[in-house]
Amino acid sequence: MNTLGLAWAYLKRSALTTCLNVALLALGVGTIVVLILVGTQLQDRLAKDAAGVDLVVGAKGSPLQLILSALYQIDIPTGNIPLSQAQALAADPLVAQAVPLALGDSFRGYRIVGTDPAFVALRHAQVAEGRLWQAPMEATVGAQVARAAGLKVGDQFNGNHGLSAGGAVHEGMPYTVVGILAPTGGVVDRLVLTPIDSVWAVHDAHHHHHDGDEHDAHEHQAEGAQPAPEREVTSVLLRYRSPIAAALLPRRINTGSVLQAASPAAEMTRLLSLVGIGTDTVRGFGLLLVASSALSIFVALYNATQARRYDLAVMRALGATRTRISGLLLAEALAMGAAGTALGLVLGHGAVELAGRFVPQARDMGITGLQFPPTEPYLLILAAGLSVLAALVPAIQAYRTDVSAVLSRG
Amino acid sequence: MPLIEVDGLRHAIAGRPVLDIPRWSVEAGRHSLLLGPSGSGKTTLIHALAGLKRPDQGRVLLDGQAMWDLNAAGRDRLRGRLIGIVFQTLHLVPALDVGQNLHLARWLAGLPRDARAVAQALDRVGLGARLSAKPEHLSQGEKQRVAIARAVVTAPKLILADEPTSALDDENCGLVLDLLLEQATVCGATLLVATHDERTRARITDRLELPKLSAATDGHAA
């Protein structure tokens with residue numbers, strides 16, 4: 001016999017109440033765990049995908065849309081820009097590096113990105129198998145694309161028109177896989193990389209084939225096939241040569257040209273603050289659940305103290321100190337708190353891991369439940385603190401009980 | 001040497017005196033009755049001896065130790081170490097089985113876990129086979145015996161029994177008294193039975209008669 005054994009016996013005796021309290025706490029803790037895990041991984045992912053890119057330049061429109069489409073490949077682009085202007089940017093003395101991107105097609109929902117090999121270095125990606133693309137219609141595919149489509153070096157595939165799955169297949173213009181990138185955990189894992197010339201060539205052929213057809217402007221981003229002599233790209237990723245460029249370049253581009261410059265850092269801050277309102281609400285709901293469970297534990301213990309007054313008095317008569325009796329109630333609260341928190345952690349991590357495995361969007365984001373953020377221990381402390389708080393009044397009540405009076409009343 | 005020594009003990013409840021004992025002692029190993037009508041202060045005296053109810057005046061020495069000179073935790077420890085109590089309402093902890101109720105008594109008394117001592121205590125009251133039974137599955141007579149086993153499982157020097165027979169018929173009254181006397185003798189413990197039950201007079205000859213000091217009482221701790 002010990003305090004925990006005795007606490008367990010009492011909890012077992014009121015099993016339904018105990019289970020409900022534990023479930024309530026687990027739901028609250030689980031909700032917060034999901035938010036912490038997803039929020040942390042989302043922010044890490046956004047920061048990782050934006051690393052090394054100081055400025056994104058594209059067609060005028062929503063700056064957030066430009067960042068999402070060019071950097072994170074999760075929105076449609078704002079339009080195209082003339083190749084000559086992209087080349088002019090690359091030659092600007094304020095620019096250390098300019099990497100052009102040409103979008104327009106996809107393969108099984110994965111975007112085909114026309115770019116130059118500098119993009120791979122910018123994204124800190126490495127070739128795992130084969131080599132980088134060199135000639136038109138050669139493709140180096142991201143790790144996730146290769147895994148999902150079962151692509152190997154030497155395989156061929158046709159692109160689909162448009163950025164989402166289901167577009168018309170570009171027959172007769174197959175890409176040849178010449179390399180597969182090692183997994184990065186970033187957006188590059190989900191891309192098919194090829195020379196810009198490939199994109200232009202496919203669309204030249206497409207427009208030749210569908211002469212006179214009408215197309216959605218957003219689904220035709222790298223329009224190179226029009227009779228117009230000027231080639232276009234969708235956007236350019238820039239790195240500044242010096243910090244002074246941050247002050248000069250965006251302003252100059254946004255006011256003095258048809259181009260739009262957007263800063264990843266500024267736009268992501270804006271996006272996260274918008275998303276933050278939603279996550280704060282859900283987090284508040286999670287905290288409310290945790291607080292409710294603490295209240296419920298308090299009510300359960302308070303009622304138990306009343307119902308067990310004679311039990312507790314008998315224990316005192318048998319030699320239990322007041323501290324030991326109070327400790328018993330604290331142990332019951334802590335046991336419920338620990339069980340609820342442990343279950344909540346398992347539920348939270350389990351739900352995120354399952355989402356990461358079976359929900360395509362979460363899988364694409366590389367979401368995993370097997371990560372343990374440094375903020376999680378605070379959750380344990382919070383749950384333990386609330387449990388102690390819930391037990392405090394009943395424990396004090398038990399501590400101050402007049403044993404003689406209770407025993408005399410029977 | 002006296003195990004219990006009481007000196008100038010006085011207590012009043014709501015201004016009405018319930019206890020006035022100038023001097024009283026019980027030798028170690030003796031069995032005594034604490035007799036008196038309802039409201040004569042028997043329970044108050046039992047609680048004062050056990051360190052549960054501080055008297056208004058006087059001293060209580062238990063095995064030479066002044067009970068009320070100790071702090072609360074000290075009194076709890078002394079009670080756990082020296083005293084086994086049988087309550088009128090018996091009251092076993094319902095969340096625990098019979099064996100666990102006895103283990104609980106040993107644990108609260110600060111004694112090490114001893115399954116053999118628990119089994120022996122239950123055997124002595126004829127309930128060795130009911131070790132794993134929950135109190136709600138016991139008859140009243142069985143509960144009474146478990147309560148006695150719980151009081152002696154700590155090998156106390158003093159067994160206090162508060163009205164252990166008042167709700168029993170003649171036959172069971174005799175059985176319980178026999179059991180208490182037998183267990184006290186086996187343990188070498190002093191037995192003090194507080195009762196207003198006249199049937200007990202024939203079994204235990206040492207006695208302290210408590211007069212009823214007030215005409216009316218509220219029945220509290222009396």
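Reply: Helices (H or I, at least four residues) and strands (E, at least two) are DSSP runs, numbered from the N terminus. Chain B has six helices and nine strands. This is a predicted model, in which local features need pLDDT of at least 70 and side-chain atom pairs count only at pLDDT 80 or more, while totals for chains, interfaces and linings use all residues. Residues are numbered from 1 along each chain as its sequence is written, and chains are lettered from A and ligands numbered from 1 in the order in which they are written.

Me: In what order do the five strands of the open sheet in chain B lie?

Reply: Two strands pair if DSSP finds at least two bridges between them. In this sheet the order is E6-E7-E8-E3-E9, and the pairing is parallel. At the edges stand E6 (83–86) and E9 (206–209) of chain B, each pairing on one side only. Strand E3 (residues 31–35) of chain B is joined to E9(B) by four bridges in the parallel sense, and B:Leu35 stands opposite B:Glu209.

Me: Which helix packs on the sheet?

Reply: Two residues are in contact if their C-beta atoms, placed from the backbone, lie within 7 Å. Helix H6 (residues 170–187) of chain B touches E3, E7 (158–162) and E8 (190–195) of chain B. Within chain B, B:Leu180 touches residues including B:Ile159, B:Leu191 and B:Val193.

Me: What percentage of the residues of chain B count as buried?

Reply: A residue is buried if 20 or more other C-beta atoms lie within 10 Å of its own, exposed if 12 or fewer, and partly exposed in between, with C-beta atoms placed from the backbone. Of the 222 residues of chain B, 46% are buried by this rule.

Me: Which residues touch the most other members of the largest nonpolar core?

Reply: A nonpolar core is a set of buried Ala, Val, Leu, Ile, Met, Phe, Trp, Tyr and Cys residues joined through C-beta atoms within 7 Å. The largest has 117 residues, and B:Ala149, B:Ile159, B:Leu160 and B:Leu180 touch the most other members. Helix H2 (residues 15–50) of chain A gives this core its largest share, twelve residues.

Me: How many residues of chain B are in contact with chain A?

Reply: On the side of chain B there are 30, meeting 23 residues of chain A. Helices H1 (42–49), H2 (72–82) and H3 (98–108) of chain B each supply at least two residues of that side.

Key:
Axes fitted to C-alpha atoms, helices over the stretch in contact; angles between N-to-C directions. Lists of a residue's contacts leave out its neighbours within four places in sequence.
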